[in-house]
Amino acid sequence: MAPEALAAAAQHHIDHFQSILYASSLKDIREAGGMWCLLPYRSSLCLTLGTLYPSLEWLPWKFNSVPRGFWDDKSNRLRYLLWLQKELGFSSREDWYSLKKSHLLGHGHFMFLKYYNGAPAQMLVDLLPDEQWDLHRFSYTPQGSWRKPSTVSAFLSFLEEELAIA
């Protein structure tokens, strides 16, 4: 077997192994008699597997629950956002304007939106600050956005350009 074929077969088995574990719940582990192995890792399947299989990339949001405090770390929220970008096939800043809560709900966890008052736009402003976001282009803008003169000014400039007013 060629090395490429062997590597592909191995990756297939690893992916299958991970998909089974991502779908497992603590109830499944308990019923299989495996709760004892989770205890040193705060009863977290994600933390346990990350420690036991460090060479594999584990995506915590694909488990039934993330470790306590996971979303408190901004770098974890950014890591999820960059993963989501690939999952949704977003390749440019323009793509992000179509982001909705339902995208987040359909791709793992959306609990971290509580850090952003439930507004994906506010999440993007915080996690991708180097981009110049036009808040009016999102379907849901962060609370209080329209009270900021910069948001209103940007929207009026947008309208001026769209309607060819000069």
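Me: Where does arginine 137 lie?
Reply: Arginine 137 is over the face of tyrosine 97, 4.1 Å from the ring centre. A charge counts as over a ring when NZ of Lys or CZ of Arg is within 6 Å of the ring centre and within 35 degrees of the ring normal.

Me: And which ring does the charged end of arginine 77 sit over?
Reply: The ring of tyrosine 115. The distance to its centre is 4.4 Å.

Me: What sort of model is this?
Reply: This is a predicted model: local features need pLDDT of at least 70, side-chain atom pairs need 80 or more, and totals for chains, interfaces and linings use all residues. Residues are numbered from 1 along each chain as its sequence is written, and side-chain values use heavy atoms, without hydrogens or water.

Me: What is the mean pLDDT of the chain?
Reply: The mean is 83, and 91% of the residues reach 70 or more. pLDDT is the predictor's confidence in each residue, from 0 to 100.

Me: Where is confidence lowest, and where highest?
Reply: Lowest in helix 9 (residues 149-162), with a mean of 73. Highest in helix 5 (residues 74-88), at 94. Helices are DSSP runs of H or I, at least four residues, numbered from the N terminus.

Me: New topic. How many aromatic pairs does the structure hold?
Reply: It holds 15. One of them is phenylalanine 17 with tyrosine 53, edge-to-face, 5.4 Å centre to centre and 75 degrees between the planes. Rings of Phe, Tyr and Trp (its six-membered ring) pair with centres within 6.5 Å; planes under 30 degrees apart are stacked, over 60 edge-to-face, the rest tilted.

Me: Which parts of the chain does that pair link?
Reply: Distant ones, 36 residues apart. Phenylalanine 17 is in helix 1 (residues 3-23). Tyrosine 53 is in the loop between helix 4 (45-52) and helix 5.

Me: Why does the pair of tyrosine 22 and tryptophan 58 count as edge-to-face?
Reply: Because the ring centres are 5.8 Å apart and the planes stand at 80 degrees. Tyrosine 22 is in helix 1 and tryptophan 58 in the loop between helix 4 and helix 5, so this pair ties together parts 36 residues apart in sequence.

Me: Are those two buried or exposed?
Reply: Tyrosine 22 and tryptophan 58 are both buried.

Me: Which residues form one aromatic cluster?
Reply: Phe17, Tyr22, Tyr53, Trp58 and Phe63.

Note on methods
Helices (H or I, at least four residues) and strands (E, at least two) are DSSP runs, numbered from the N terminus. Buried means under 20% relative accessible area, exposed over 50%, partly exposed in between (1.4 Å probe, protein chains only).
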